Amino acid sequence: MSKIIAVTSGKGGTGKSSVCAGLGYTLAKQGHRTLLIELDFGLRCLDIMFGVENEIKYDLGDVLAGRKTALEAVQTVPMANNLSLLCAPKTLTSVNAKQIVEICRSVKKYFEYIIIDTGAGINSHVFDIVEQANLILVISTPDPVCIRDASLMSDEFYNRGNKSQRLIINKISKKVIGEALVSNLDEIIDKVGVQLIGVIPDDFTMTVATGKGNPIPTDSSALKAFDAISKRLGGEFVPLTVKTA
Ligand SMILES: Nc1ncnc2c1ncn2[C@@H]1O[C@H](COP(=O)(O)OP(=O)(O)OP(=O)(O)O)[C@@H](O)[C@H]1O
Ligand SMILES: [Mg+2]
């Protein structure tokens with residue numbers, strides 16, 4: 001039975017797609033059959049991040065239109081055995097929660113983890129889809145606006161009945177703490193009001209790797225953070241270490 005994880009945030013550009021890519025990659029490297037489903041209709045990016053831009057034959061649009069089954073539209077990712085991708089269509093296509101739930105149901109026996117990138121912008125369909133997930137990963141950066149939006153999003157999911165949420169703080173650096181935007185990680189956790197599952201440093205090597213469609217370097221601090229979060233998702237105890245530049 002696969003675990004369906006929705007990766008979401010209030011504000012755009014917090015790193016949802018990067019987190020999906022990083023977690024998908026590390027979960028797959030740890031041996032877990034993992035599927036990433038991208039809901040960023042009209043603005044897909046995971047194909048570039050995994051260097052398969054020219055190999056995508058079908059996408060979620062083909063599944064929604066009934067031209068392909070979800071399994072037929074899934075693209076395997078050469079850089080990591082066990083990792084597959086169901087890309088968002090390049091055009092805006094309407095979708096509802098029932099359709100996404102049905103797609104997940106049709107493929108769940110093939111994957112241990114299904115990770116959903118909710119994409120930029122939040123609408124009621126996204127709320128409906130995310131509330132069906134087994135776990136919601138709320139992504140926030142240390143930016144006060146982002147923290148407030150993450151808190152509002154989390155409250156909404158909580159009010160809708162999904163209490164299974166964890167916080168990922170992304171793009172943390174000494175600079176941002178030093179500038180007193182936030183005094184420490186506890187302040188972010190308290191303000192968002194969600195239990196922490198991991199902290200990802202601001203790491204330019206990840207931006208370069210995902211921009212070029214290359215694997216994230218094994219010695220990068222971001223990859224180490226993703227590796228730890230992936231293990232925690234499986235229930236393993238991994239102590240929190242925060243390495244910032
Ligand atoms: N930990 C990090 N360190 C350095 N750069 C990062 C990190 N996480 C994300 N980025 C960069 O931030 C930018 C936005 O990231 P990303 O596209 O993953 O955000 P998003 O939340 O998916 O955006 P959108 O809301 O548009 O879908 C990208 O240039 C990405 O490379
Ligand atoms: Mg994105």
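The model is predicted, and local features are reported at pLDDT of at least 70, side-chain atom pairs count only at pLDDT 80 or more, and totals for chains, interfaces and linings use all residues. Residues are numbered from 1 along each chain as its sequence is written, chains are lettered from A and ligands numbered from 1 in the order in which they are written, and side-chain values use heavy atoms, with hydrogens and water left out.

The secondary structure of the protein chain consists of 11 helices and eight strands; helices (H or I, at least four residues) and strands (E, at least two) are DSSP runs numbered from the N terminus. The radius of gyration, taken over C-alpha atoms, is 17 Å, close to the 18 Å given by the globule rule for 245 residues, so the chain is as compact as a globular protein of that length. This rule is 2.2 Å times the number of residues to the power 0.38. Along its principal axes, the C-alpha trace spans about 55 × 40 × 30 Å. Of the 245 residues, 53% are buried, where buried means under 20% relative accessible area, exposed over 50%, and partly exposed in between (1.4 Å probe, protein chains only). Contact means heavy atoms within 4.5 Å. Among contacts between residues at least 6 apart in sequence, 76% join residues at least 24 apart.

The eight strands form an open sheet of mixed pairing, in the order 3-4-2-5-1-6-7-8; two strands pair if DSSP finds at least two bridges between them. Strand 3 (75-76) and strand 8 (196-201) each have a single partner strand, so one side of each is left without a neighbour in the sheet. Four bridges join strand 2 (residues 34-38) to strand 4 (residues 83-86) in the parallel sense, with Ile-37 opposite Leu-86 in strand 4. Strand 6 pairs in the parallel sense with strand 1 over four bridges, and Ile-5 stands opposite Leu-135 in strand 6. Strand 6 also runs parallel to strand 7, to which five bridges join it; here Ser-140 stands opposite Ile-169 in strand 7.

Six of the six residues of strand 6 are buried, so this strand is largely enclosed by the rest of the structure. Leu-135, Leu-137 and Ile-139 point one way from strand 6, whereas Ile-136, Val-138 and Ser-140 point the other way.

Helix 5 lies across strand 1 (3-8), strand 2, strand 4 and strand 5 (113-117), and runs at about 155° to strand 5. Helix 9 (residues 185-192) lies across strand 7 (165-172) and strand 8, at about 140° to strand 7. Axes are lines fitted to C-alpha atoms, for helices over the stretch in contact, and angles run from 0 to 180 degrees between N-to-C directions.

A nonpolar core is a set of buried Ala, Val, Leu, Ile, Met, Phe, Trp, Tyr and Cys residues joined through side-chain atoms within 4.5 Å. The largest such core has 42 residues, and those with the most contacts inside it include Ile-37, Leu-60, Leu-86 and Ile-103. Helix 5 (residues 97-107) supplies the largest share of this core, five residues. Apart from this core lies another, of 39 residues, among them Met-79, Leu-85, Cys-87 and Ile-197. Beyond its neighbours within four places in sequence, Leu-86 is in contact with residues including Leu-35, Ile-37, Leu-60, Val-63 and Ile-103.

Thr-141 lies in the loop between strand 6 (135-140) and helix 7 (144-159). Thr-141 is buried, with a relative accessible area of 9%. Not counting residues up to four places away in sequence, Thr-141 touches Thr-14, Cys-146, Ile-147, Asn-170 and Lys-171. One of these, Cys-146, is also buried, at 2% relative accessibility.

A search of the whole structure finds zero disulfides, a disulfide being a pair of cysteine sulfur atoms within 2.5 Å. For Cys-45, the nearest cysteine sulfur is that of Cys-20, 8.6 Å away. For Cys-146, the nearest is likewise that of Cys-20, at 15 Å.
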